[in-house]
Amino acid sequence: MADLEDAAHLAGVPDEFQRLWTPHRMAYIQAGPEPLREECPFCEAPKFPDAERLIVARGETAYVLLNLFPYNSGHLLVCPYRHIATYDQATPEEVAEIGALTQTAMRVLSEVSHCDGFNLGMNQGAVAGAGVDAHLHQHVVPRWRSDANFFPIIAKTKALPQLLGEVREAVSAAWPASDR
């Protein structure tokens, strides 16, 4: 390993800011604000291999994938395959499977991440905060007693301790084979 230089000899002006290095986020920055501008990302994802689109489980009418822009590590989305915008448009079969997949997601995340609780929710429409408002999806966000910090409040930044691929592998491996 090369010798580390004393930072005082490097170019730049010291300031009071700390740096949070997140090179894995470059993929999202380079993709732009809407990586799949022409197509619905939730309709497109199931057309690809699971690992390529961060899918952790597939059901008959719905599937589970990691959120590309997570609030916390392990933030999952449960989506119907069918392109519908709101919960009231879902069939009874879709509602049942979205519920069952959500329950399994909670069990699996509890096992692999040892979280203390969850936020569950659906944002219906852009005005309600849906990033992809044309395709129904349920958020399953694991929470820990110790996960609150000041980054989101003062810097609009979330510190995520695991890379998406690592989280996908752990969740997918722990997902019950009967529910895949």
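Q: How is the angle between two packed helices defined in this predicted model?
A: Axes are lines fitted to C-alpha atoms over the stretch in contact, and the angle between N-to-C directions runs from 0 to 180 degrees. On that scale helix α3 (residues 92–113) and helix α5 (residues 164–174) pack at about 120°, with their axes 9 Å apart. Their crossing is right-handed.

Q: Which residues make the contact of α3 and α5?
A: From α3 come Val108, Leu109, Glu111 and Val112, and from α5 come Ala170, Val171 and Ala174.

Q: How many residues of each class does this contact have?
A: Ala, Val and Leu count as nonpolar and Glu as charged, so the contact of α3 with α5 has six nonpolar, no polar and one charged residues.

Q: How do you know that the span of α3 agrees with its 22 residues?
A: At 1.5 Å a residue the helix should span 32 Å, and its end C-alpha atoms are 31 Å apart, which agrees.

Q: What makes a residue of α3 buried, and which residues are buried?
A: The cut-off is under 20% relative accessible area. In α3 the buried residues are Glu94, Glu97, Ile98, Leu101, Thr102, Thr104, Ala105, Val108 and Leu109. They pack against β2 (62–66), β3 (76–80), β4 (117–121), β5 (138–143) and α5.

Q: Why are β1 (55–58) and β4 called edge strands?
A: The open sheet has five strands in the order β1-β2-β3-β5-β4, with antiparallel pairing. Each of β1 and β4 pairs on one side only.

Q: What makes β3 and β5 a pair?
A: Pairing needs at least two bridges; β3 and β5 have three, in the antiparallel sense, so they pair.

Note on methods: Residues numbered from 1 in each chain as written. Predicted model: local features only at pLDDT ≥ 70, side-chain atom pairs only at ≥ 80, totals over all residues. Heavy atoms only, no water. Helix = DSSP H or I, 4+ residues; strand = E, 2+ residues; numbered from the N terminus. Left-handed = near helix turned anticlockwise from the far one by under 90°. Contact = heavy atoms within 4.5 Å. Expected span 1.5 Å × (residues − 1). Buried < 20%, exposed > 50% of the residue type's maximum accessible area, 1.4 Å probe, protein only.
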